[in-house]
Amino acid sequence: MRARLILILTLFAFTAGTSWAQQAKTSAKPAASQKAKAITHRIVYDMSVADTAQHAGLMRQLNNIKRGWPDAQIEIVVHGKALNLLVTDKTTKATAIKDLQAKGVVFAACENTMRVQKVVKEQLLPQVTTVPMGIGELVLKQEEGWSYIKF
């Protein structure tokens, strides 16, 4: 009889502890999800390829992010072979870029790449910014805590 009582009390102690732990986890969820909503996401993209299919994929991805996180800060650093993405007479994405800029997305062209490819600021799409070094800009953003995505 005594062994039965000890067994019942032991089982009760284990199930009560598990039930309490599950309650604690459940009650913590709303606070965690509200905290996640308060985060301002900062994302820097590294775009260095000339592939227009990848440019189209980038535009879709950026629109998805802005739809899900309208307050997200996003900068696209364009350098190397991707520079034509931002050159007025060569880009296939001028309208998409303009629409994304209206949502706060920053497109930055690398001045080193511009110099090598003999592109001047006046040839870039409106509102495109420039940075002295594309790679340097990516490093600075990461040091400031921005999430890095290589595209």
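Me: Which residue forms a salt bridge with Lys 121, and how far apart are the closest N and O atoms?

Reply: This is a predicted model, in which local features need pLDDT of at least 70, side-chain atom pairs count only at pLDDT 80 or more, and totals for chains, interfaces and linings use all residues. Residues are numbered from 1 along each chain as its sequence is written, and side-chain values use heavy atoms, with hydrogens and water left out. Side chains of opposite charge can pair when their charged atoms come close. A salt bridge here is a side-chain nitrogen of Lys or Arg within 4 Å of a carboxyl oxygen of Asp or Glu. Lys 121 pairs with Glu 111, the closest N and O atoms being 4.0 Å apart. Lys 121 lies in the loop between helix 4 (111-117) and strand 4 (129-131) and Glu 111 in helix 4, so the pair ties together parts 10 residues apart in sequence. Helices (H or I, at least four residues) and strands (E, at least two) are DSSP runs, numbered from the N terminus.

Me: How many salt bridges does the structure hold, and which residues do shared partners join into one network?

Reply: There are 4 salt bridges. Those that share partners join Glu 75, Glu 137 and Lys 141 into one network. Within it, the closest N and O atoms of Glu 75 and Lys 141 are 3.3 Å apart. Glu 75 is in strand 2 and Lys 141 in helix 5 (residues 134-143), so this pair connects parts 66 residues apart in sequence.

Me: Are Glu 75 and Lys 141 buried or exposed?

Reply: Buried means under 20% relative accessible area, exposed over 50%, and partly exposed in between (1.4 Å probe, protein chains only). Both Glu 75 and Lys 141 are buried. Another salt bridge joins the side chains of Lys 150 and Asp 46 (3.6 Å, N to O). Lys 150 belongs to strand 5 (residues 147-150) and Asp 46 to strand 1, 104 residues apart. Lys 150 is partly exposed at 46% relative accessibility, whereas Asp 46 is buried at 5%.

Me: How many residues has the largest nonpolar core, and which helix gives the most to it?

Reply: In soluble globular proteins, nonpolar side chains tend to be buried together. A nonpolar core is a set of buried Ala, Val, Leu, Ile, Met, Phe, Trp, Tyr and Cys residues joined through side-chain atoms within 4.5 Å. The largest one has 27 residues, and those with the most contacts inside it are Tyr 45, Leu 62, Ile 76, Leu 86 and Phe 107. Helix 2 gives the most, with 4 residues.

Me: Leaving aside neighbours within four places in sequence, what is Tyr 45 in contact with?

Reply: Contact means heavy atoms within 4.5 Å. The partners of Tyr 45 include Leu 58, Leu 62, Ile 76, Leu 138 and Phe 151.
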